[in-house]
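The following exercises are to be worked with the sequence and the coordinates at hand. Each task is followed by a solution in steps.

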Amino acid sequence: MPDVVPADSLPTRAERYRAQGIPDPFAGIGRPVDIRYVTASPFHRTEPLPPVQQVWFRADGSLPDDQVLHTCLLTYASDMTLLPHGTNSEVGDIQLASLDHAMWFHGEFRADEWLLYDQYTPASTGARGLAVGRVFTHDGRLIANVVQEGLIRQISRRRTTERPGG
């Protein structure tokens with residue numbers, strides 16, 4: 001497991017927005033997963049970041065002792081992080097889509113305890129990117145490997161005042 005700062009020492013989503021002086025578009029809306037960026041957050045950036053990212057995440061609340069539920073939450077959460085690409089998905093100017101997503105699990109874990117997602121992008125071209133990641137428990141045990149291909153492209157927004165047909 002990479003040597004990273006503990007999750008509880010990192011700012012929450014709301015704290016990141018507040019520190020940047022930006023209104024949080026999710027304020028007042030419950031979020032199922034608490035995500036804390038170890039590396040620089042890719043949001044609200046115009047410059048590209050290195051093709052690596054580390055985030056801590058966990059369910060926002062306690063879960064019952066059901067390994068299938070914990071596996072489902074980890075699968076869901078592994079599709080929530082965004083690797084750096086020099087634009088901002090939160091303002092609606094890019095389109096994101098998961099094209100394929102494969103995971104291998106290596107033992108039991110709890111998704112309501114901190115998990116470290118260590119990701120990198122070995123290839124990105126033609127509006128497609130490949131992300132490879134490893135997921136560790138807070139005590140360093142490897143519990144999953146993830147490979148995902150995604151679509152990331154700029155949305156062209158044309159505004160017209162003409163009505164269809166004339």
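## Exercises on a predicted model

Read along the sequence, the elements of this predicted model come in the order α-β-β-α-β-β-β-β.

**Exercise 1. Determine how many helices and strands the chain has, and which element has the highest mean pLDDT.**

Solution. 
Step 1. The chain contains two helices and six strands.
Step 2. The average pLDDT of the chain is 83, and 81% of the residues score at least 70.
Step 3. Among the elements, α2 has the highest mean pLDDT (96), whereas helix α1 (residues 13–20) has the lowest (80).
Step 4. Where pLDDT is low, the predicted coordinates should not be read in detail.

**Exercise 2. Identify the buried residues of helix α2 and explain how they are placed around its axis.**

Solution. 
Step 1. Helix α2 spans residues 67–77, and its buried residues are H70, L73, L74 and A77.
Step 2. These residues lie on the same side of α2, because they cover an arc of only 100 degrees around the axis.
Step 3. The packing partners of the buried α2 residues are the strands β1 (33–37), β2 (52–59), β3 (94–105), β4 (115–125), β5 (128–137) and β6 (142–154).
Step 4. At the start of the helix, a side-chain oxygen of D66 comes to within 3.0 Å of the backbone nitrogen of V68.

**Exercise 3. Describe the largest nonpolar core and the contacts of L74.**

Solution. 
Step 1. The largest nonpolar core has 19 residues, and F57, L74, L115 and V135 have the most contacts inside it.
Step 2. Two or more residues of this core come from each of β1, β2, α2, β4 and β6.
Step 3. Not counting residues up to four places away in sequence, L74 touches F57, M103, F105, F109, L115, V135, I143 and A144.
Step 4. A second, separate core has seven residues, including V4, W56, W114 and L116.
Step 5. For the chain as a whole, buried residues make up 36% of the 166 residues.

**Exercise 4. Is T137 buried or exposed, and which side chain does its own side chain meet in a polar contact?**

Solution. 
Step 1. T137 belongs to strand β5.
Step 2. T137 counts as buried because its relative accessibility is 6%, and the cut-off for buried is under 20%.
Step 3. The side chain of T137 makes a polar contact of 2.3 Å with the side chain of D139.
Step 4. Beyond four places in sequence, T137 touches M1, F109, W114, L115 and I143.

Key. Residues numbered from 1 in each chain as written. Heavy atoms only, no water. Buried < 20%, exposed > 50% of the residue type's maximum accessible area, 1.4 Å probe, protein only. Helix = DSSP H or I, 4+ residues; strand = E, 2+ residues; numbered from the N terminus. Arc of directions from axis to C-beta. Contact = heavy atoms within 4.5 Å. Polar contact = N/O pair within 3.5 Å; in protein donor to acceptor, adjacent residues only side chain to side chain. pLDDT = per-residue confidence, 0-100. Core = buried A, V, L, I, M, F, W, Y, C linked by side-chain atoms within 4.5 Å.
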